[in-house]
Amino acid sequence: MARLIGEVILDLQNVSLSFGGVNALVDISFDVREHEVRAIIGPNGAGKSSMLNVINGVYRPQAGEIILRGEHFRQMNPYKAACAGIARTFQNIALFKGMSVLDNIMTGRNLKMKANIFQQAFWMGAAQREELEHRAKVEEIIDFLEIQHIRKTPVGRLPYGLQKRVDLARALAMEPQILLLDEPMAGMNIEEKQDMSRFILDVNDQMGTTIVLIEHDMGVVMDVSDRVVVLDYGKKIGDGSPDEVRGNPEVISAYLGASH
Amino acid sequence: MGFFLEVLIGGLMTGMLYSLVALGFVLIFKASGVFNFAQGAMVLFAALAMARFSEWIPGWLGVDNLMVANILAFIIAAFLMFVVAWLIERLVLRHLVNQEGATLLMATLGIAYFIDGLGQTVFGSDIYKIDVGMPKEPVMVLQGVFEGGLLINKEDFIAALVAAMLVAALALFFQKTATGRALRAVADDHQAAQSIGIPLNRIWVIVWCVAGVVALVAGIIWGSKMGVQFSLVTVALRALPVVILGGLTSVPGAIIGGLIIGVGEKVSEVYLGPLVGGGIEIWFAYMLALVFLLFRPQGLFGEKIIDRV
């Protein structure tokens, strides 16, 4: 692979998050390097999604820091995260159901659109030119993810696997530096999983996008990721290359039960 | 036959005006999940602003051209509605993000009373008139086709035309522009919209501004028909059955619902009224809404309410 893993781009330090009396995350620290595929794994309820939601700003941690490109944040919010180049997909697909695939992906370009509301309302040159430019970029992404045949279809009518792909396309339309994927392969059959793995690797390879990925299918994770963080009951129990993690006794017991 | 058509057309024209008010509800509900109880107050406030400014401006600027005064008054009133929209977002809604629907509803109820009071304090509480030069006399058409022709109220016709144009313009804006797309995105899924960088706060201001302009146009039309007075607030109540019929989340629903209710009211008044002693017009819409609530609570075009068990 030609890509070069770079400096630390995102660094989480001592992040703790609780809901009432439930500790979802306890003192978690890990970093993400530029251009790498970083996976977060763990059994159900380990706090993987919570972790992602902290990075993206949906949840506000009670303690800890998020350091993004050297800038320190106590917490993010989804809009700020988007502006800072963090895109995400959702575990339970959160597409705009009433809109076509094309429109859904076009919304991903929103932050890059500069024409003001009056230029748009009166369909003036600037707004029109901009729309065409962004449309061209969106068509590239559509080609990339091989969804040309469904671009006019309302997403509500698409099968699950394709909706997941549109969700990814919308995130890619933001041309993010960091892409957070929340169980991109959950509920897919083998063929769809293989497609999705290929797309994830291609995105990482060809666009240089840093990827943070949650998955509980161990096989997939080990194949695609450079480094893996393992969570269990909100605590970090392992961190390292896929091989290191695989050999870690604590990880094995978390996944297979106490006896080993 | 000629008479029936006359009633039908009259109903369609009134219905278009109901649609206009209903549209205000639908816009805000779609984008922010708030049932805006203040819509009626906004109509009154806008109409008051329009009536009073068009009265004051000739004195201030020394112009006595009615047209110029009206246009200036419209611009000022529209601007005022933008300010109101911005303040509502800034002072109230922003602090209630992610609260229960009932909390938001109560908040808009409060806003309604506040705007009612503010409007009457600033602009006075008498009955004022809006004169935008609408022709009052009815006109006879199709005299060759039907015996005696069809009598059409010119004022209603123009009002319906304006309402239809506004609705069409808004529909185009929603379908064809980037901001419209962002609005639809927010209406579909708040969280996803935010995560791709659509600023919720700005979208809400835009929606309330649009609803403000819709209220202004509705206020002008109803105000010039029945005078600007407190009872304009109830115009919004008459639009309630329309949104129940059409579905709270559907723009086409608001339009078609408005037309159905407009026609239903007039036709039932004329043909059923005499049998039960008249007065059907007042409650017909609510009866229809009640039937819908029983058999199709999501309305004609609303999203089906599915609860996962």
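**Domain and chain contacts in the predicted model**

In this predicted model, the C-alpha centres of domain 1 and domain 2 of chain A are 27 Å apart. The domain assignment of chain A places residues 1-85 together with 176-260 in domain 1, and residues 96-175 in domain 2. Contact between these two parts of chain A involves eleven residues of domain 1 and ten residues of domain 2.

On the side of domain 1 of chain A that touches domain 2 of chain A, the elements giving two or more residues are α2 (78-83) and α7 (190-207) of chain A. Of the elements on this side, α7(A) gives the most, with four residues. When the residues on the side of domain 1 of chain A that touches domain 2 of chain A are sorted by class, nine are nonpolar, one is polar and one is charged.

A further contact is formed between the chains, and it takes 28 residues from chain A and 19 residues from chain B. On the side of chain B that touches chain A, at least two residues each are supplied by α6 (178-188) and by α7 (190-195) of chain B. The greatest share of the side of chain B that touches chain A is given by α6(B), with seven residues. By class, the side of chain B that touches chain A has nine nonpolar residues, together with six polar and four charged residues.

Key. Residues numbered from 1 in each chain as written. Chains lettered and ligands numbered in written order. Predicted model: local features only at pLDDT ≥ 70, side-chain atom pairs only at ≥ 80, totals over all residues. Domains from an automatic or database assignment. Contact = placed C-beta atoms within 7 Å. Nonpolar A, V, L, I, M, F, W, Y, C, P; charged D, E, K, R; others polar.
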